[in-house]
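Keep the picture open beside you as you read.

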Amino acid sequence: MALLAALTGAAGVCAQPASSYPDKPVRLLVGFPAGTGPDILARLLAQKLSETWGNANVIVDNKPGAGGVIAASEAARAPADGYTLLLGLTGNMVIAPVSYRKLPYDPAKDFVPVSQVVSNDFVLLTNPAKVPARNLAQFVDWSSKQPKSIFMGTFGAGTPGHFAAYIFGDAVKIKPEVVHYKNTGDALTGLISGDVHGMFASVGVSAPQVKAGKLAALAATGPARNPALPDVPTMKEQGQADLEITSWFGIFAPAQTPDGVIRKLSADVQKAIKSPEMQAKIEAAGFTPTGTTREEFARIIASDAKVWGDAVRTTGFKAD
């Protein structure tokens with residue numbers, strides 16, 4: 001409850017009308033390179049908000065590195081005027097505070113949530129030329145028979161894909177050894193080349209490789225099948241009822257941003273995400289559009305802080 005109060009209350013200071021906001025370009029910081037899932041989503045949202053506002057373009061500013069921590073650090077230091085925003089995600093806003101001994105920002109004190117924009121399902125991937133498994137049970141059986149640990153690629157140490165590998169391993173009683181890459185693209189390349197046996201990746205980023213036959217998708221981690229890969233059954237459908245792993249992306253503003261600006265931002269982001277045009281584009285990219293209120297988003301963050309925090313503490317991982 002303390003986290004929820006901090007997140008929802010930070011914007012209450014310096015409340016003022018926002019009738020003229022925005023009247024100049026807005027910068028949206030993204031902690032991952034061009035072409036990745038967060039970047040694709042950010043550019044879709046930036047285009048829609050630019051159309052909505054008319055007199056103010058939204059400029060996507062990629063600041064990749066450290067699983068999104070670099071971008072969040074810069075956003076935390078930005079002026080609290082609504083003209084620098086962050087596309088935050090589970091990794092840098094929920095996992096990082098637990099996995100870093102010294103994080104250069106505090107999500108609860110340095111930011112206020114504006115709106116969760118999408119939830120993000122993962123998919124368990126293998127290389128069909130290297131791993132003779134075509135469903136979850138076959139993969140677990142094959143993994144358990146290997147003389148050494150299987151290698152699971154991740155799209156960065158401390159990211160949801162990292163801990164998803166451990167959560168999965170605990171559930172099916174195997175002990176994977178994780179191999180960290182700089183980003184999802186590098187991890188997918190490593191999987192295709194046979195350097196690792198499997199990985200969890202976002203549906204949207206991995207779907208093209210799956211459809212091309214380069215990778216096999218064995219199970220989706222969301223509550224239902226993802227429209228981008230409708231033929232891939234969920235973990236629940238394959239006997240793992242409690243194995244649901246999802247993350248999210250959402251818009252954050254620096255703490256002390258005027259309340260009137262936050263309210264307008266939240267309303268405009270919700271309207272953008274819930275438009276039929278945006279929903280179709282978001283689903284085609286492999287995400288599930290949400291467009292929550294800021295209060296709903298704060299509750300989601302508080303709940304996920306416990307779930308992912310427990311996962312991090314179980315592994316004993318520290319990012320620094």
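Which element gives the most to the lining of the largest cavity? The answer is β9, with three residues. Before we look around, a word on the model: it is predicted, local features need pLDDT of at least 70, side-chain atom pairs count only at pLDDT 80 or more, and totals for chains, interfaces and linings use all residues. Residues are numbered from 1 along each chain as its sequence is written, and side-chain values use heavy atoms, with hydrogens and water left out.

Now back to the cavities. On a 1 Å grid over the protein atoms alone, a cavity is a set of points where a 1.4 Å probe fits but cannot get out, while a pocket is an open set with protein on both sides within 12 Å along at least five of seven lines; lining residues have an atom within 4 Å of a point. Grid points are joined across faces, edges and corners, and a volume is the space filled by probe spheres set on the points. Searching the whole structure turns up three cavities of 30 Å³ or more. The largest cavity has a volume of about 180 Å³, and it is lined by 17 residues, of which Pro38, Phe155, Thr184, Ser202 and Phe249 are the closest to its centre. Besides β9, both α2 (37-53) and β4 supply at least two residues of this lining. Its residues divide into nine nonpolar, eight polar and no charged; here Ala, Val, Leu, Ile, Met, Phe, Trp, Tyr, Cys and Pro count as nonpolar, Asp, Glu, Lys and Arg as charged, and the others, Gly among them, as polar.

The second largest cavity holds about 60 Å³ of space. Its lining includes Ala66, Gly91 and Ala319, and α4 provides the largest share, four residues.

What about the open spaces? The largest pocket contains about 270 Å³. Glu244, Ile245, Thr246, Asp304 and Trp308 are the closest to its centre among the 14 lining residues. Here α12 gives the largest share, four residues, and the lining has seven nonpolar, four polar and three charged residues.

Next comes the packed interior. A nonpolar core is a set of buried Ala, Val, Leu, Ile, Met, Phe, Trp, Tyr and Cys residues joined through side-chain atoms within 4.5 Å. Buried means under 20% relative accessible area, exposed over 50%, and partly exposed in between (1.4 Å probe, protein chains only). The largest core has 47 residues, and Leu86, Leu124, Phe139 and Phe168 have the most contacts inside it. Among the elements giving two or more residues to this core are α6 (136-144), α7 and β8 (216-220).

After α7 comes Lys173, whose phi is positive, near 65°.

Finally, find Gly316 in the segment after α12. Is Gly316 buried or exposed? Gly316 is exposed, because its relative accessible area is 53%.
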